[in-house]
Amino acid sequence: MSWNKNDLIPPREIQEKVTDETVKFAERFGSYLGKDDSFTNKNGKSISAKNKLTTSQLRRFFGEVKRQQMVGYNETDFVLLKPKLAYAVGRAKERDAKIKDFYLVMSNAIDLVHNEQQFKNFIKVFEAIVAYHKAAEEKKELF
């Protein structure tokens, strides 16, 4: 299973304001990233694909974004997050397919940020994704 490549963070959610649409996107995407895709083989045995985005992969990138938040928005430093993401994809094993989906969505969102307010919106969206990833990873039902 892979993420629908057309389902990206809506540009207005970064460039204008964060809305309920962002929360719905974050829930879908964070849950998708935090769950292992598993399947049943022909013998009826459940096989886990182990391709969720790991907490350490997510936290590494999230930590860098939070460090940038502490010092304030700097366009150069911010756009350099894309090569850091690309490096993480390059280090990942082939079975870690969800990191490629994470790269696709987040690099697209990075391209939408051009000022301090958009940077703040990006952080809010990312925090929501992290929260839903954690809930999915812990396999906790929210309702």
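Here are some exercises, each with a worked solution, on a predicted model of a protein chain.

**Exercise 1. Getting oriented**

Find how many helices and strands the chain has, and in what order they run.

*Solution.* Start with the count: the chain holds seven helices and two strands. Next, walk along from the N terminus, where the order reads α-α-β-β-α-α-α-α-α. Then look at the chain as a whole: of its 143 residues, 40% are buried. Its accessible surface is about 8500 Å², and carbon and sulfur atoms account for 52% of that. Finally, consider the contacts with a separation of 6 or more: 68% of them join residues 24 or more positions apart.

**Exercise 2. Helix α3 and its two partners**

Work out how α3 is oriented relative to α7 and relative to α6.

*Solution.* A pair of packed helices is described by the angle between the axes and the distance between them. Take α7 to begin with. Helix α3, residues 55-71, packs on α7 at about 155°, and their axes are 11 Å apart. An angle over 145 degrees counts as roughly antiparallel, so that is the relation of α3 to α7. The crossing of α3 and α7 is left-handed.

Now turn to α6, residues 98-111, whose axis is 12 Å from that of α3 at an angle of about 15°. Angles under 35 degrees count as roughly parallel, so α3 and α6 are roughly parallel. Here the crossing is right-handed. Gln-57, Leu-58 and Phe-61 of α3 come into contact with Ile-99, Phe-102, Met-106 and Ile-110 of α6. The contact of α3 with α6 comprises six nonpolar residues, one polar residue and no charged ones.

**Exercise 3. Helix α5 against α6**

Say how α5 and α6 are oriented to each other, and which residues meet.

*Solution.* First, read the geometry: helix α5, residues 81-91, packs with α6 at about 175°, and the axes lie 10 Å apart. Second, apply the cut-off for roughly antiparallel, over 145 degrees, which means α5 and α6 are roughly antiparallel. Third, list the partners. From α5 come Leu-81, Lys-82, Leu-85, Ala-86, Ala-88 and Val-89. Facing them in α6 are Ile-99, Lys-100, Phe-102, Tyr-103, Met-106, Ser-107, Ile-110 and Asp-111. Last, sort the residues of this contact of α5 with α6: 10 are nonpolar, one is polar and three are charged.

How values were computed:
Residues are numbered from 1 along each chain as its sequence is written. This is a predicted model: local features need pLDDT of at least 70, side-chain atom pairs count only at pLDDT 80 or more; totals for chains, interfaces and linings use all residues. Side-chain values use heavy atoms; hydrogens and water are left out. Helices (H or I, at least four residues) and strands (E, at least two) are DSSP runs, numbered from the N terminus. Buried means under 20% relative accessible area, exposed over 50%, partly exposed in between (1.4 Å probe, protein chains only). Contact means heavy atoms within 4.5 Å. Accessible areas come from the Shrake-Rupley method with a 1.4 Å probe; for residues, only the protein chains shown count as cover. Axes are lines fitted to C-alpha atoms, for helices over the stretch in contact, and angles run from 0 to 180 degrees between N-to-C directions. Angles under 35 degrees count as roughly parallel, over 145 as roughly antiparallel, 65 to 115 as roughly perpendicular and the rest as oblique. A crossing is left-handed if the near helix is turned anticlockwise from the far one by less than a right angle, and right-handed if clockwise. Ala, Val, Leu, Ile, Met, Phe, Trp, Tyr, Cys and Pro count as nonpolar, Asp, Glu, Lys and Arg as charged, and the others, Gly among them, as polar.
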